[in-house]
Amino acid sequence: MTTTKQKVLFELLAHQGEWLSGDELATDLQISRESIWKAINALKKKHHQIESRKNLGYQYIETPMLDKDVVHYYLDNRLVDDVFVEQEVTSTQHLAKQYLTSHYIQKPVIFAAESQSNGYGRRGRAFYSPATSGLYFTIILPNTTDDWSQVGLLTTSMAVVIAQTLEQFFPDEQIDLKWVNDLFINDKKVGGIITEANIELESKSASAFIMGVGLNLTTDNFPEELLNIAQGINSQVKVDRNQLLVTLANRIINTYEHRDIPTLLAEYRHRSNVIGKRVTLKLGNKMITGTAKQIANDGGLIIEDENGITKSFTSGEVIKTTVFR
């Protein structure tokens, strides 16, 4: 059931940039002027910036916070089962995994948070997740096929979709991709992706994929240990994070459901910041050094060692890259 506050918010969003008088809102929504006034005040207390002017009425400006109602307004809700937006969580990945212990999903479910106290990427590495300047979310994608041939391309393909979307919101920036899941600008990490499978023990198959995304958008105050390796995309650009979340979610879900995954491999290769460089791949306790020759058709990293032997790796982490001189 839609509340009065939500009705007023949705009407203001539908006319964003326009002035709506209290009488117009009351007439359109068929509620009293007093109810409009109470709803406006309640929205302002929730950090919605709404300008009020005598003889003009109300105009919606923005909200600096992630807001579930705003997300629902912009999102194609036919695509998802549910959306959760929280203030501070351990990590959105944890929320998604907990959800799957008691829910069977048929459509994607989205979890987003203003900040994370224990955000993490591949191999459990911590991801810095401060409030208001980043975007941290997880999408549960139900596994609708027994064809696992494209699973290795899931993260690489979504990295391309995310990079393309970010460049629309930050038109002066170019996003590079470090195999397999990191987003880079000027040799510094600005975001990462982690994809985990929810395994059903009885069938020994994945019922869903849990894809987490962490992005430092306008973050400019990093801990000292991260100053040389991480940055925000651009601290000078004003971004509507609710619209960015919705745009990313829509594109990720559509790409996944329409099986466009293999078609994005060429773009991933084009954006790769490791191809042609001397790399060190950490594979468990083993270090493999050689030249990154190409991204394989299954998303693996093809490395040629010092003896000219070429091998493709589908796991591991590139911990060092060197440009040949």
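Helix 6 (residues 154–169) and helix 7 (241–257) pack with their axes 10 Å apart, at an angle of about 145 degrees. Keep in mind that this is a predicted model, where local features need pLDDT of at least 70, side-chain atom pairs count only at pLDDT 80 or more, and totals for chains, interfaces and linings use all residues. Residues are numbered from 1 along each chain as its sequence is written, and side-chain values use heavy atoms, with hydrogens and water left out.

**The helix pair**

- Two packed helices are described by the angle between their axes and the distance between the axes.
- The axes are lines fitted to C-alpha atoms, for helices over the stretch in contact, and the angles run from 0 to 180 degrees between N-to-C directions.
- Helix 6 and helix 7 make a right-handed crossing (a crossing is left-handed if the near helix is turned anticlockwise from the far one by less than a right angle, and right-handed if clockwise).
- On the helix 6 side, the contact (heavy atoms within 4.5 Å) is made by Leu154, Met158, Val161, Ile162, Thr165, Leu166, Gln168 and Phe169.
- Helix 7 brings Gln243, Leu244, Thr247, Leu248, Arg251, Ile252, Thr255 and Tyr256 to the contact.
- Sorted by class, the contact of helix 6 with helix 7 has 10 nonpolar, five polar and one charged residues (Ala, Val, Leu, Ile, Met, Phe, Trp, Tyr, Cys and Pro count as nonpolar, Asp, Glu, Lys and Arg as charged, and the others, Gly among them, as polar).

**The whole chain**

- The chain's secondary structure comes to eight helices and 14 strands; helices (H or I, at least four residues) and strands (E, at least two) are DSSP runs, numbered from the N terminus.
- The C-alpha trace spans about 80 × 50 × 35 Å along its principal axes.
- Of the 325 residues in the chain, 48% are buried (buried means under 20% relative accessible area, exposed over 50%, and partly exposed in between, with a 1.4 Å probe and protein chains only).
- Among contacts with a separation of 6 or more, 64% come from residues 24 or more positions apart.

**Aromatic rings**

- How many aromatic pairs does a search of the whole structure find? There are seven, with rings of Phe, Tyr and Trp (its six-membered ring) pairing if their centres lie within 6.5 Å; planes under 30 degrees apart count as stacked, over 60 as edge-to-face and the rest as tilted.
- One of them is Phe84 with Phe111, a stacked pair at 5.1 Å centre to centre and 10 degrees between the planes.
- That pair links distant parts of the chain: Phe84 is in strand 3 (residues 82–89), Phe111 is in strand 4 (residues 109–116), and they sit 27 residues apart.
- Phe84 is partly exposed at 21% relative accessible area, while Phe111 is buried at 4%.
- The rings of Tyr128 and Phe222 are tilted, because their planes are at 45 degrees, with the centres 5.5 Å apart.
- This pair also links distant parts of the chain, 94 residues apart: Tyr128 is in the loop between strand 4 and strand 5 (134–142), and Phe222 is in the loop between strand 9 (205–216) and helix 7.
- Tyr128 is partly exposed at 27%, and Phe222 counts as buried at 9%.
- Phe10, Tyr73 and Tyr74 form one aromatic cluster.
- Lys68 lies over the face of Phe84, at 5.5 Å from the ring centre; a charge sits over a ring if NZ of Lys or CZ of Arg is within 6 Å of the ring centre and within 35 degrees of the ring normal.

**Backbone spots to look up**

- Most residues other than glycine have a negative phi, and most peptide bonds are trans.
- The bond from Trp179 to Val180 is cis, with omega near 5 degrees, and Val180 lies in the loop between strand 6 (176–178) and strand 7 (182–185).
- His47 has a positive phi, near 75 degrees; you'll find His47 in the loop between helix 3 (33–45) and strand 1, partly exposed at 46%.
- Asp187 has a positive phi too, near 65 degrees; Asp187 sits in the loop between strand 7 and strand 8 (188–200) and is exposed at 62%.

**Two more residues**

- Asn55, in the loop between strand 1 (49–53) and strand 2 (57–62), counts as exposed at 77%.
- Ser115 lies in strand 4 and is buried at 11%.
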